[in-house]
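Me: I would like to learn how to read a structure, feature by feature. Can we take it in short steps?

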2 protein chains.
Amino acid sequence: MGKGKLTEQLVSLVVETGETEAKPAFAIGRQGLLDFLSAAWKGKAQRETDRLLRYVSGSGQSLLLASEQGASAELSALYNGYLGHYLDYDDVNQTIRGHPSTVLYPALLSVASLRPVSGRRFLAAYVIGVEIMARLARVMGKAHYRRGFHNTATLGVLAGAMAVGYLLQLDNEKLLNAMGIAAAQVSGLRLNFGTECKPLQAGIAAQKGVQAVLLAELGITASHTALDGDKGLLSLYGNGIRADTAEILLGNWGKKWELCNTGLWFKLYPFCSAASHIADSAKQLYQRGGFSPEEIQKVALFFPPGGDAALIHRRPATGEEGRFSAEYVAAVGLNGLSYTLENFSSKPVSAYLQQFMERIERRYDDAVIPAKTALPPGRFGIVQLYLTNGGIRENRTDTPKGSPGNPLTAEEQYQKLQACCPAEIAEKLPDEIKVLDNISDMSGLIQILKTEISAN
Amino acid sequence: MGKGKLTEQLVSLVVETGETEAKPAFAIGRQGLLDFLSAAWKGKAQRETDRLLRYVSGSGQSLLLASEQGASAELSALYNGYLGHYLDYDDVNQTIRGHPSTVLYPALLSVASLRPVSGRRFLAAYVIGVEIMARLARVMGKAHYRRGFHNTATLGVLAGAMAVGYLLQLDNEKLLNAMGIAAAQVSGLRLNFGTECKPLQAGIAAQKGVQAVLLAELGITASHTALDGDKGLLSLYGNGIRADTAEILLGNWGKKWELCNTGLWFKLYPFCSAASHIADSAKQLYQRGGFSPEEIQKVALFFPPGGDAALIHRRPATGEEGRFSAEYVAAVGLNGLSYTLENFSSKPVSAYLQQFMERIERRYDDAVIPAKTALPPGRFGIVQLYLTNGGIRENRTDTPKGSPGNPLTAEEQYQKLQACCPAEIAEKLPDEIKVLDNISDMSGLIQILKTEISAN
């Protein structure tokens, strides 16, 4: 490690990163952009999101996805981040234990739609953003999430500020101020999972990250040691400064980007990825057949201890709460219902599924040995059925479909895009994004993203 | 206590508070408004704050203090809160251990300048905001501040949201959502003390409180148990839920308002109130005379343990950092310099004062018995001088000038207003504010607050 405070060193690494250094991660970055836009477009199609559109529109010229109207940069970031996360259908990174793209891309697009930036710098800024979000997650430690913080939001503010600061080529001094201003806004609660405030928290993180940079650009000063010391972020929100903190936060910068290492998890289903193992297992049990749902007397869902922390609803009242319910996801799958949006909406859970969930319980087994290929590492999901005839059925999932160990094919990703976007957009977007790192001006892409389509 | 969760009960208390119930605290509320406006007007006169004015102006029609231009409600709250706290010259409440008015009044004015509200509802909303900020401070406990959180910012977001929600007469359901959205934004670092990010944090708290209410008004949902449980705010940021939490948070609501109890501390000097005891002692020693500064060999500043926590700079480089330095304040006072703005600006500390501060050290003495009249309770400040001739001088302050136990006279408060505002404003404001609780429409006051005065 170099000398000096952690904050100063991290900011120097960002400022000094060349655009081409980030190139190895551009391909996955482009995939992330396409997937974010898929999820956001589908979010836009939910009429509840129109309320926020009316709130933000007219405040400036920055991009509002799928709208000819504009907003201020901060409110553009708020709105597009909200859209991207509205259905919990956007990508996840396992190290972050959260959703990088729905914070970083809205933050970057809000500025890229107002000022001339190259596609290469845009992608490099995203790579740096994910990198910082993941390294901060590592140094904060698991306790940060466990205590109740929402990593997407808390880490997203800082990563968003650094990504936008890089995009706008802030100098060292101003980027340090941006870090101090962003650090003053680290917040976000897991308690809000299963309400519209969860996607809002992603949008707010993007908004705060952008605002921190724009205020720092004005010359407003802040602490240059936001991460350091016993009053700094790492102490206040995490495990404090340890012997290996500098190495984890700063070591081997740019040698192997997080995006090339743990990658992104693209979702096939619109619910929390922590329920994916259970979802795949339940679906496969149903498809395998040999029993009818009425014959199921009891269902046991097995997790490693803490593996279900994100799944805060055991008896969800609505499909929306069901996005964070292992019981609901299992009930949907075991009854042969589809993991599609209509079953995860704000509508009340049917009386039938409510009764079915009464038969489901969670168990924790630290004697189960996680697969070496498990994603996230150490995770698994087992669905065990006890039938009225005394029979037992069981299925286990270690690497759910969509996770980096069991990725979507290009065809499946395109199908997701088609299922989310109007045909006109689905046709144009992949080609435009494919060449992103070679274009000096992003206005063509931004123009496509503004396309207003009334029916979807 | 009633039944149900803490969050639900608190929100019900707010919704059900009648405007006239808050009346006993209106007089001190009006004083708080006048003092906030004094501090903000002086902040406006600092040319550095023009940067933020340029940033926010043009985004809407809401009040920007001393400007004909307007901003969106959120950015109005940001700007006016920044102005009010820019010089650390605004009021303090000892229970809150922070600055209520510079968050609450900007938040309330941002909305009151867009929609018709009565002066009485406006003042009642302020009384409720202070009440919530203080009760939250009590249940969070001292550890919240000690760990490094900035109470003005963290508690201000929640109190600001509740105050604005009350002003706009949100129903129970929407005010609960506003609380959940605000809770997701609780942040603010003491680490930023001594930089422009400290006043910014007050403004950001106001901005976030206003935004939380406006988003909840749209119908966006959030957790209704934001304060409750082991993942809720009181656990995450404070001491958790204890046997007496409900009583402290909810008990005797409206029986004796915090404003009538601990009141407001109006500052005579533009620096952190935690340095006031030292300031008064040093000034009195200088005035008493009998030594010249060159004869001071050593200075010991005595505090109760932890009483100097806010004074984070021991060797400040600038007058701005000196606002949070017991050493700097003592050095200014002992050398007969004045506690006026020119000595607490962004200019570097003189070489003379830097050398003088080398002779100053802090000591903690828990054997000293705090005065019964001490403000805040348990606090004192002793300045002890060791002279080259072997002599020792000592002076102790328990209730500094401006604190509720040693209040400014009406004349002194008016002098502060005159020193801060243009004569035209200083003449009109007191009369306008005096009748505030009897006016059905605040547009007259808002119009005065927009008065643009080029030179000051």
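Me: Let me start in a loop. Where is Q169(B)?
Reply: Q169(B) sits in the loop between helix 8 (151–167) and helix 9 (172–183) of chain B. Keep in mind that this is a predicted model.

Me: What is the phi of Q169(B) near?
Reply: The general idea comes first. Most residues other than glycine have a negative phi, and most peptide bonds are trans. Now the case. Phi of Q169(B) is near 55 degrees, a positive value in a residue other than glycine.

Me: Is Q169(B) buried or exposed?
Reply: Its relative accessible area is 57%, so Q169(B) is exposed. The cut-off for exposed is over 50%.

Me: Now chain A. Where is N252(A), and what is its phi near?
Reply: N252(A) belongs to the loop between helix 12 (245–250) and helix 13 (258–261) of chain A. Phi of N252(A) is near 50 degrees, again positive in a residue other than glycine. N252(A) has 52% relative accessibility, so it counts as exposed.

Me: You mentioned peptide bonds. Which residues does a cis peptide bond join in chain A?
Reply: L375(A) and P376(A) are joined by one, with omega about -15 degrees. P376(A) lies in the loop between strand 4 (360–364) and strand 5 (381–387) of chain A. In chain B, a cis peptide bond joins L375(B) and P376(B), with omega about -15 degrees. P376(B) is placed in the loop between strand 4 (360–364) and strand 5 (381–387) of chain B.

Me: How confident is the predictor, and what is the average pLDDT of chain A?
Reply: Where pLDDT is low, the predicted coordinates should not be read in detail. Chain A averages a pLDDT of 95, and 98% of the residues score at least 70. The model scores ipTM 0.92 and pTM 0.92.

Me: What rotation superposes chain A on chain B?
Reply: Two copies of a chain are related by a rotation about an axis and a shift along it. Here the rotation is 180 degrees, the shift along the axis is 0.0 Å, and the RMSD is 0.1 Å. That is the relation of a two-fold axis.

Me: Through which surface do the copies meet?
Reply: 100% of the interface residues of chain A are also interface residues in chain B, so the copies meet through the same surface.

Me: Which residues does Q211(A) touch?
Reply: Start with its place: Q211(A) is in helix 10 (residues 197–218) of chain A. Its relative accessible area is 2%, so Q211(A) is buried. Not counting residues up to four places away in sequence, Q211(A) touches E74(A), Y55(B), L75(B), L78(B), I204(B) and Q207(B).

Me: How do I read aromatic pairs, and how many are there over all chains?
Reply: A pair of aromatic rings is described by the distance of the centres and the angle of the planes. A search of the whole structure finds 30 aromatic pairs over all chains. Take W253(A) and W257(A): their ring centres are 5.7 Å apart and their planes are at 80 degrees, so the pair is edge-to-face. Planes over 60 degrees apart count as edge-to-face. Both W253(A) and W257(A) are buried.

Me: What about the rings of Y328(A) and F344(A)?
Reply: Their centres are 5.4 Å apart and their planes at 85 degrees, so this pair is also edge-to-face. Y328(A) lies in helix 16 (residues 326–334) of chain A, and F344(A) in the loop between helix 16 and helix 17 (351–357) of chain A, so the pair ties together parts that are 16 residues apart in sequence. Y328(A) is buried, at 4% relative accessibility. F344(A) is buried too, with a relative accessible area of 0%.

Me: Which residues do ring pairs link into a cluster?
Reply: Y269(A), F271(A), Y328(A), Y339(A) and F344(A).

Me: Which residues touch the most other members of the largest nonpolar core?
Reply: In soluble globular proteins, nonpolar side chains tend to be buried together. The largest nonpolar core here has 251 residues, and F122(A), L429(A), F122(B) and L429(B) touch the most other members. Leaving aside neighbours within four places in sequence, the contacts of F122(A) include L33(A), Y105(A), L167(A) and M442(A).

How values were computed
Residues are numbered from 1 along each chain as its sequence is written. Chains are lettered from A and ligands numbered from 1 in the order in which they are written. Side-chain values use heavy atoms; hydrogens and water are left out. pLDDT is the predictor's confidence in each residue, from 0 to 100. Rings of Phe, Tyr and Trp (its six-membered ring) pair if their centres lie within 6.5 Å; planes under 30 degrees apart count as stacked, over 60 as edge-to-face and the rest as tilted. Buried means under 20% relative accessible area, exposed over 50%, partly exposed in between (1.4 Å probe, protein chains only). Helices (H or I, at least four residues) and strands (E, at least two) are DSSP runs, numbered from the N terminus. Copies are superposed by least squares on the C-alpha atoms of residues with pLDDT of at least 70 in both. Contact means heavy atoms within 4.5 Å. A nonpolar core is a set of buried Ala, Val, Leu, Ile, Met, Phe, Trp, Tyr and Cys residues joined through side-chain atoms within 4.5 Å.
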